[in-house]
Amino acid sequence: MFARSREVRHIARGTLFGSLRRYTKMQTVTLQEAALEERCILVDNQDRPLGEASKRDCHRVGQDGNIPLHRAFSVFLFNQKGDLLLQKRSANKVTFPAHYTNTCCSHPLAEIPEEMEERNVMGIRKAAQRRLSYELGIPVNQVEPNDFTYLTRIHYHDIGDGHWGEHEIDYILFLQKENITLDPNADEVSEVRWISRGQMPEFLKLIDCPLTPWFRLILTHKLPLWWDNLQALEKLQDHTCIQRFQ
């Protein structure tokens with residue numbers, strides 16, 4: 001009788017845990033689906049605002065391979081030793097799930113008025129502060145908008161899996177801070193790692209997942225130079241030209 005009772009409890013516990021896992025998965029999918037209704041800022045090739053569209057429409061690949069061009073940003077967070085924080089995107093992400101990438105990548109939103117502010121790219125800075133908090137759990141009082149060094153903009157296009165892709169003018173923001181609190185949001189991020197400049201080549205050989213297209217392009221074209229000049233980034237800033245990467 002006792003053995004039978006233990007078996008029933010074991011089955012019930014397994015059923016409960018299975019149901020909880022399925023419920024958590026459903027919650028995650030619901031959050032990612034809801035995020036597709038956020039409003040991105042549409043721009044032309046010179047980064048002039050044209051209007052807005054849903055995140056869904058800004059990442060869906062058209063039959064002709066086109067994707068609406070919109071604004072984005074990429075944050076590169078370094079500690080005082082010069083190590084770079086990388087993240088692996090959650091497997092639940094709609095675009096480029098389970099890909100390794102830079103610290104944080106997202107969009108300023110048209111429905112948040114302060115993220116539309118053009119002066120000193122303050123809207124981009126505030127959006128980056130918001131997303132560092134949401135994705136990585138970094139308290140907003142640990143990273144202020146003016147802490148970011150705005151380096152340049154890149155323009156790239158990638159059709160991804162053929163259904164979801166990217167076409168962005170991406171603002172590059174560098175940040176060097178110590179004693180940052182990290183509490184990653186599992187809905188967004190599955191892993192985080194601090195990687196030194198010297199460790200990067202070996203890290204790229206050993207990881208068992210791809211890189212996001214924007215991070216791969218930045219890594220190929222610009223990141224080594226920027227990383228080698230963390231203490232002198234001002235001389236590398238280019239706020240006039242948009243870098244066109246293929």
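Of the 246 residues in this protein, 49% count as buried, meaning under 20% relative accessible area with a 1.4 Å probe and protein chains only (exposed is over 50%, partly exposed in between). You're looking at a predicted model, where local features need pLDDT of at least 70, side-chain atom pairs count only at pLDDT 80 or more, and totals for chains, interfaces and linings use all residues. Numbering runs from 1 along each chain as its sequence is written, and side-chain values use heavy atoms, with hydrogens and water left out.

**Stop 1: β8**

Select 166-176, which is β8. Ten of its eleven residues are buried. Ser74 sits opposite Ile172 of β8. Strands pair if DSSP finds at least two bridges between them.

**Stop 2: the cores**

Show side chains for Phe76, Phe174, Met200 and Leu223, the residues with the most contacts inside the largest nonpolar core, which has 29 residues. Such a core is a set of buried Ala, Val, Leu, Ile, Met, Phe, Trp, Tyr and Cys residues joined through side-chain atoms within 4.5 Å.

Next, select Phe73, Val75, Ile138 and Tyr171, which are among the 26 residues of a second, separate core.

Zoom in on Phe76. Beyond its neighbours within four places in sequence, its contacts (heavy atoms within 4.5 Å) include Leu84, Ile172, Phe215 and Leu223.

**Stop 3: the cavity**

Where to centre the view? Pick Lys55, Arg89, Thr95, Cys105 and His107, which lie nearest the centre of the largest cavity among its 22 lining residues. On a 1 Å grid over the protein atoms alone, a cavity is a set of points where a 1.4 Å probe fits but cannot get out, and lining residues have an atom within 4 Å of a point. Its volume is about 170 Å³, the space filled by probe spheres set on the points. Finally, colour α1 (2-35) and α3 (122-136), among the elements that each supply at least two lining residues.

Note on methods
Helix = DSSP H or I, 4+ residues; strand = E, 2+ residues; numbered from the N terminus. 1 Å grid on protein atoms, 1.4 Å probe; cavity = no way out; pocket = protein on both sides within 12 Å on 5 of 7 lines; lining within 4 Å.
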